[in-house]
Amino acid sequence: MSAGWFRRRFLPGGPLPAPRPPRPRTSPVPYRRPRFLRGSGSCSSTADSPRRPEARPVRCPARGRALPWNAGYAEDMGVSLKGHGSLPGLRIINAEKSEFNEDQAACGKLCIRRCEFGTEEDQEWLTLCPEEFLTGHYWALFDGHGGPAAAILAANTLHSCLRQQLEAIVEGMVTTQPPMHLSGRCVCPSDPQFVEEKGIRTEDLVIGALESAFQECDEVIGRELEASGQVGGCTALVAVSLQGKLYVANAGDSRAILVRRDEVRPLSSEFTPETERQRIQQLAFVYPELLAGEFTRLEFPRRLKGDDLGQKVLFRDHHMSGWSYKCVEKSDLKYPLIHGQGRQARLLGTLAVSRGLGDHQLRVLDTDIQLKPFLLSVPQVTVLDVDQLELQEEDVVIMATDGLWDVLSNEQVARLVRSFLPGNREDPHRFSELAQMLIHSTQGKDGSLTGEGQVSYDDISVFVIPLNSQHQGSSSH
């Protein structure tokens with residue numbers, strides 16, 4: 001079987017304006033690049049050592065012109081999630097990044113080793129036992145904003161952070177129940193009972209590894225961008241196949257869904273200022289200095305005007321899921337912490353997402369108010385037990401950046417998948433062609449299969465991941 005990936009770039013009429021340079025810091029933090037960014041040390045997975053061939057021209061369905069691929073393009077590859085199979089013929093292309101497209105992607109095989117640790121002269125961890133112990137597979141989409149730098153760093157870094165986190169807990173992953181002490185030492189005879197009462201399972205270790213990897217990657221991006229004088233951030237959507245389960249981690253507004261013959265199941269939730277309103281308002285309530293007296297944390301149906309003073313109007317605060325009324329005061333006339341509705345909602349009038357990587361230097365225009373304290377780099381992780389599914393050949397996971405979902409609903413995408421795959425079973429490239437067809441359907445042309453005539457002007461990146469394979473792989477242990 002093969003996994004399909006396709007990306008469209010929207011080319012505006014002219015070059016994008018140059019981003020504002022970061023504000024100088026009076027006392028820069030000394031920084032030493034980690035090993036996996038310095039190019040030293042061995043790598044254990046295909047994704048850890050991508051080749052960099054020359055860019056290949058690919059036909060862009062939106063403009064009908066040849067455009068070079070720039071990063072993370074995974075050509076047709078065999079994959080078996082249910083059987084933990086290998087990835088024969090996997091190729092990763094990391095060509096030069098175009099200035100017009102801020103999307104990035106990465107995929108590959110995760111080779112997790114049983115490790116013992118020691119220290120080198122530079123106090124870095126050294127892997128002493130290099131043989132593979134577990135294998136998994138990794139897909140990731142990064143939708144950049146404010147420039148491509150953060151997305152490029154994430155595509156080149158996150159998988160390494162995740163592999164290191166998994167190798168640190170791999171001994172606990174292969175047991176029926178994670179032990180209290182990873183060394184196997186039993187300090188308290190009741191330790192297994194305490195673990196059982198907490199309901200800690202093996203998948204919880206993988207979830208923790210994903211959360212820690214996102215956090216570590218965000219810190220690396222912050223230091224790298226500061227050291228290089230660049231700015232920007234990105235959303236991150238990651239899928240990891242490991243031990244018969246598919247883990248989908250999302251920080252941002254990209255989306256993953258499972259499409260089966262009789263089911264459409266969301267595998268992620270979007271994180272926007274609207275969906276995380278209460279968390280953001282709570283932070284502003286606890287730390288009002290973050291707003292610098294320029295914003296109000298309260299939400300109103302619209303921005304208030306001077307004529308509203310003294311009137312009782314609808315509002316809600318951090319502790320409220322419902323609405324109430326309050327008498328408008330002068331402080332309520334400030335610009336709202338979260339303004340706008342739906343896709344137009346903005347955090348501090350600036351950002352349309354509330355989770356992601358990077359944005360350490362991002363400030364509200366013409367102020368020193370930072371957005372980073374309101375942004376979370378920790379993803380929400382959904383677990384799909386693939387081994388428990390009775391898989392059909394057309395069962396797939398669709399991962400895509402928000403440009404696709406701005407135009408197509410989950411049900412529309414599912415209809416396109418079900419109409420395309422059954423008639424193309426003999427085509428070895430059908431999943432790549434399906435990804436390309438999904439993007440073509442966002443162009444609002446007469447031939448669009450949705451019949452809606454809607455158009456997406458955003459960058460769009462899509463992975464189509466088949467869950468079933470005609471060639472089952474052997475166990476990864």
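Start with helix H5, residues 277-286, in this predicted model. Select Arg-277, Ile-280, Gln-281 and Ala-284, the buried residues of H5. Look down the helix axis: these buried residues fall within an arc of 95 degrees, so they line one face of H5. What do they pack against? Strand S18 (338-339) and strand S19 (346-347) take that place.

Stay on H5 and select Phe-285, which lies in this helix. Phe-285 is partly exposed, with a relative accessible area of 41%.

From S18 and S19, go to the loop between them and select Arg-343. Arg-343 forms a salt bridge with Asp-406, with 2.9 Å between the closest N and O atoms. Asp-406 sits in the loop between helix H6 (402-405) and helix H7 (410-420), so the pair ties together parts that are 63 residues apart in sequence.

Next, select Arg-260 and Asp-395, whose side chains meet in a salt bridge (3.2 Å, N to O). Arg-260 belongs to strand S12 (residues 255-260) and Asp-395 to the loop between strand S21 (380-385) and strand S22 (396-400), so this pair ties together parts 135 residues apart in sequence. Arg-260 counts as buried at 13% relative accessibility, and Asp-395 is buried at 1%.

Move to helix H2 and select Arg-163 and Glu-167, which are four residues apart and separated by about one helical turn. They form a salt bridge, the closest N and O atoms being 3.6 Å apart. Arg-163 is buried at 5% relative accessible area, and Glu-167 counts as buried at 7%. A search of the whole structure finds 20 salt bridges.

Now show the largest nonpolar core, which has 39 residues. Tyr-138, Phe-142, Leu-162, Leu-166, Leu-210, Val-238 and Val-240 touch the most other members. Among the elements that each supply at least two residues of this core are strand S9 (132-145), helix H2 (149-173) and helix H4 (202-228). The largest share, 12 residues, comes from H2. Select Leu-210: beyond its neighbours within four places in sequence, its contacts include Leu-162, Val-238, Tyr-247 and Pro-379. Apart from this core lies another, of 24 residues, including Ile-257, Val-396, Leu-416 and Leu-421.

Methods:
Residues are numbered from 1 along each chain as its sequence is written. This is a predicted model: local features need pLDDT of at least 70, side-chain atom pairs count only at pLDDT 80 or more; totals for chains, interfaces and linings use all residues. Side-chain values use heavy atoms; hydrogens and water are left out. A nonpolar core is a set of buried Ala, Val, Leu, Ile, Met, Phe, Trp, Tyr and Cys residues joined through side-chain atoms within 4.5 Å. Buried means under 20% relative accessible area, exposed over 50%, partly exposed in between (1.4 Å probe, protein chains only). Contact means heavy atoms within 4.5 Å. The arc is that of the directions from the helix axis to the C-beta atoms. A salt bridge is a side-chain nitrogen of Lys or Arg within 4 Å of a carboxyl oxygen of Asp or Glu.
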